[in-house]
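Please view the sequence and the structure together.

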Amino acid sequence: MADVTPELMFEVMKPLQARLAQVDGKIDELKQEVQAMRTSQTGIRHEITSVFQEISSVHATLVRHEGRLDRIENRLELNDAPAQ
């Protein structure tokens with residue numbers, strides 16, 4: 001069996017150190033990608049909230065106009081009763 005010398009250990013560890021540096025680089029890339037996805041998701045969430053608020057505003061306007069239309073129909077005595 002070969003003697004284990006510090007030089008032999010160093011030769012074995014050099015490729016491991018290089019691989020570890022590659023893994024660190026890949027982890028940094030993944031962190032950046034996750035951060036970009038979070039930023040994108042936050043932007044999408046804001047857009048959805050904005051659309052929801054706009055739809056709510058349109059709904060409120062329609063409800064207000066429906067009430068006004070009902071009052072106008074009552075004043076003019078327009079009924080949904082079938083004509084004879």
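## Basis of the model

The model is predicted: local features need pLDDT of at least 70, side-chain atom pairs count only at pLDDT 80 or more, and totals for chains, interfaces and linings use all residues. Residues are numbered from 1 along each chain as its sequence is written, and side-chain values use heavy atoms, with hydrogens and water left out.

## Overall form

Along the principal axes, the C-alpha atoms fill a box of roughly 115 × 25 × 10 Å.

## Surface and charges

Of the 84 residues, 0% are buried. Buried means under 20% relative accessible area, exposed over 50%, and partly exposed in between (1.4 Å probe, protein chains only). The protein exposes about 8,400 Å², and carbon and sulfur atoms supply 60% of this area; accessible areas come from the Shrake-Rupley method with a 1.4 Å probe.

A patch of positive charge on the surface is formed by Arg64, Arg68, Arg71 and Arg75. Such patches are made of residues with over 30% relative accessible area and no salt bridge, with like charges joined within 9 Å. Lys and Arg count as positive and Asp and Glu as negative, while His and the chain ends are not counted.

## The salt bridge

The structure holds one salt bridge, defined as a side-chain nitrogen of Lys or Arg within 4 Å of a carboxyl oxygen of Asp or Glu. It joins the side chains of Lys14 and Glu11 (3.3 Å, N to O). These two residues are three apart in helix H1, so about one helical turn separates them. Lys14 is partly exposed at 37% relative accessibility, and Glu11 is partly exposed at 46%.

## A backbone feature

Most residues other than glycine have a negative phi. Glu77, although not a glycine, has a positive phi of about 55 degrees. Glu77 lies in the segment after helix H1 (6-75) and is exposed, with a relative accessible area of 66%.

Methods: Helices (H or I, at least four residues) and strands (E, at least two) are DSSP runs, numbered from the N terminus. Patches are made of residues with over 30% relative accessible area and no salt bridge: like charges are joined within 9 Å, nonpolar side chains (Val, Leu, Ile, Met, Phe, Trp, Tyr) within 5 Å. The place of a charge is taken as NZ of Lys, CZ of Arg, CG of Asp or CD of Glu.
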